[in-house]
Amino acid sequence: MTKARLGVLAACLATTAIVLTLGWAWHTSRMPATYAVTDMGRPDYGGGPRDAGHHGSSAGHAGTSPGRSEVVSVRDLVEARSTPADVTVDLVAAKQRFRLASGRTVDGYTLNGSSPGPLIEARQGDLVEVRVRNESVPDGITLHWHGVDVPNAEDGVAGVTQDAVGEGEEHTYRFVADDAGTYWYHSHQVSHRQVVRGLFGALVVHPTRHSLGEGDVLAVTHQYGGVRTLNGREGDVPVVAPPGRRVRVRVVNTDNAAVHVWSGGDFRVLAVDGTEVTGPTPVQQRYLTLAAGGRADLEVRVPRDGSAARVQVERSTALLVGPRGSSAAPAPRPPGELDLLGYGSRGDLGFDPARADRRFDYRIGRRPGFVAGRPGVWWSINGRLWPDVPMYVVEKGDVVVMRIENGSGEAHPMHLHGHHAVVLSRNGVAASGAPWWVDSLHVRNGETFEVALVADNPGVWMDHCHNLQHARDGLVAHLMYAGVSTPYRVGGEARNEPE
């Protein structure tokens with residue numbers, strides 16, 4: 001055989017190998033019409049036991065390890081069903097064209113005819129019951145209680161903790177509001193469309209002795225069609241408060257990207273993601289970066305000279321808190337950022353991260369390949385593409401440390417359901433301020449965080465990017481407790497589609 005023919009043969013073999021490799025990658029990336037999230041990816045035990053002898057039980061993918069005598073269904077991880085509710089709310093979800101408080105018309109989704117949906121208020125310790133009816137959302141809906149560590153059956157994730165609520169159907173959520181703080185709720189069915197187009201609202205849990213609404217101002221930021229609003233209004237939004245009053249401004253970021261928040265004067269950060277900050281100090285000439293899905297409670301004092309306190313959310317919207325008809329001078333964004341890693345006073349975590357039972361890596365990258373049979377450049381977790389991503393397996397009572405590394409080229413707001421984690425370090429620099437507890441963490445490109453948590457809420461929990469389009473494109477993993485299974489499936493007759 002001549003050298004020319006050998007060259008042609010080698011080229012043909014190489015081409016065949018490439019085609020077969022691509023074909024195999026395409027084939028293995030395709031998803032069945034219905035599947036359980038507990039069967040996806042590969043179990044990661046974080047250095048902990050796999051089959052026996054930890055906290056009296058064993059760990060296994062999908063909660064079915066041979067050594068376990070009892071498996072608990074997500075369906076059974078509920079709040080007390082017979083206890084009368086302290087707070088009862090009825091919501092009706094609809095797909096419709098609606099008018100914002102600002103007057104702008106939006107084609108999207110509403111709850112009780114508006115977006116944002118109704119503010120739900122409770123006191124700490126209240127049993128909250130929310131009955132939601134899907135009047136006309138064709139894809140179905142759920143409600144996820146973002147930042148509230150509810151029992152797993154109440155988490156509102158289609159295909160994981162419940163089936164989507166179809167048109168004409170109803171679903172009831174019940175949970176105890178154990179922790180005072182600022183939270184929000186939104187659909188977790190086709191969420192990359194439904195949340196952006198209006199299916200969300202705010203939830204505020206007040207301390208037990210607090211009068212509802214006393215000294216509180218809500219600032220829900222959302223972009224409808226690229227136009228930023230606060231509580232559905234555009235531009236400067238007046239809020240009446242007397243001179244000298246200290247006001248808690250509860251900022252809720254419902255968008256897919258981080259927002260910058262600052263004040264025209266001093267402010268203090270009272271809480272982050274529903275957790276009070278220990279020893280908050282006055283902040284001057286600094287702005288706060290609030291992760292997508294995150295919340296921050298800021299304290300401002302209304303000036304005594306009859307003017308208003310300005311709380312700016314990006315450059316286009318602001319709350320003006322002061323006497324009726326008062327104004328405040330424009331406030332350009334300060335030159336420096338407030339670093340929560342060192343803000344406030346140190347406090348007790350209640351556990352020792354150095355004695356972690358499990359340690360996990362969550363390395364975010366980006367690479368070409370196939371996801372669900374579609375070619376493209378996709379987000380990766382630990383070098384692999386969805387659904388071949390980690391299933392982080394824990395036991396109840398575990399102390400867990402997770403290292404989140406972002407080398408993907410973009411920022412990601414990472415959101416773990418059902419738990420709050422405390423930031424231990426960023427880029428190797430240890431936290432030195434108040435315990436920085438988060439459920440939504442803004443991780444910039446090139447950053448590495450170490451966070452820790454106690455696994456104290458059994459279930460199957462999403463751990464995903466809250467830029468919901470990123471989640472749609474594969475940036476989703478799960479934290480799963482050994483011995484827990486789910487009867488729900490993605491796809492199927494319910495057409496469950498959590499992102």
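Predicted model: local features only at pLDDT ≥ 70, side-chain atom pairs only at ≥ 80, totals over all residues.
Figure 1. For the largest cavity, 17 residues make up the lining. Nearest its centre lie Ile-404, Leu-416, Ala-421, Val-451 and Asp-463.

**Figure 2. The largest pocket and its lining.** This pocket has a volume of about 470 Å³. Its lining holds 23 residues. Closest to the pocket centre are Tyr-35, Trp-386, Arg-472, Val-490 and Glu-497. Helix H3 (468-472) gives two or more residues to the lining, and so do strand S36 (476-481) and strand S38 (490-491).

**Figure 3. His-260 and the residues around it.** His-260 sits in strand S16, which covers residues 259-263. Is His-260 buried or exposed? His-260 has a relative accessible area of 17%. The cut-off for buried is under 20%, so His-260 counts as buried. Its side chain makes a polar contact with the side chain of Arg-333, at 2.7 Å. Leaving aside residues up to four places away in sequence, His-260 touches Tyr-287, Leu-288, Thr-289, Gln-312, Val-313, Glu-314 and Arg-333.

**Figure 4. Two arginines over aromatic faces.** Arg-333, the polar partner of His-260, also lies over the face of Tyr-287. The distance from Arg-333 to the ring centre of Tyr-287 is 4.6 Å. Both Arg-333 and Tyr-287 are among the residues that His-260 touches. Arg-366 lies over the face of Trp-379. Here the distance to the ring centre is 4.1 Å.

**Figure 5. Phe-351 and Trp-437, a tilted aromatic pair.** The structure holds 11 aromatic pairs. One of them joins Phe-351 and Trp-437. How far apart are the ring centres of Phe-351 and Trp-437? They are 6.4 Å apart. The planes meet at 55°. Edge-to-face needs over 60 degrees and stacked needs under 30, so this pair is tilted. Phe-351 lies in the loop between strand S23 (336-337) and strand S24 (358-371). Trp-437 belongs to strand S32 (residues 437-438). The pair therefore ties together parts that are 86 residues apart in sequence. Phe-351 and Trp-437 are both buried.

**Figure 6. An aromatic cluster of four residues.** Phe-98, Trp-184, Phe-200 and Tyr-224 form one aromatic cluster.

Key:
Residues numbered from 1 in each chain as written. Heavy atoms only, no water. Helix = DSSP H or I, 4+ residues; strand = E, 2+ residues; numbered from the N terminus. Buried < 20%, exposed > 50% of the residue type's maximum accessible area, 1.4 Å probe, protein only. Polar contact = N/O pair within 3.5 Å; in protein donor to acceptor, adjacent residues only side chain to side chain. Contact = heavy atoms within 4.5 Å. Phe/Tyr/Trp six-rings, centres within 6.5 Å; stacked < 30°, edge-to-face > 60°. Lys NZ or Arg CZ within 6 Å of the ring centre and 35° of its normal. 1 Å grid on protein atoms, 1.4 Å probe; cavity = no way out; pocket = protein on both sides within 12 Å on 5 of 7 lines; lining within 4 Å. Points joined across faces, edges and corners; volume = space filled by probe spheres on them.
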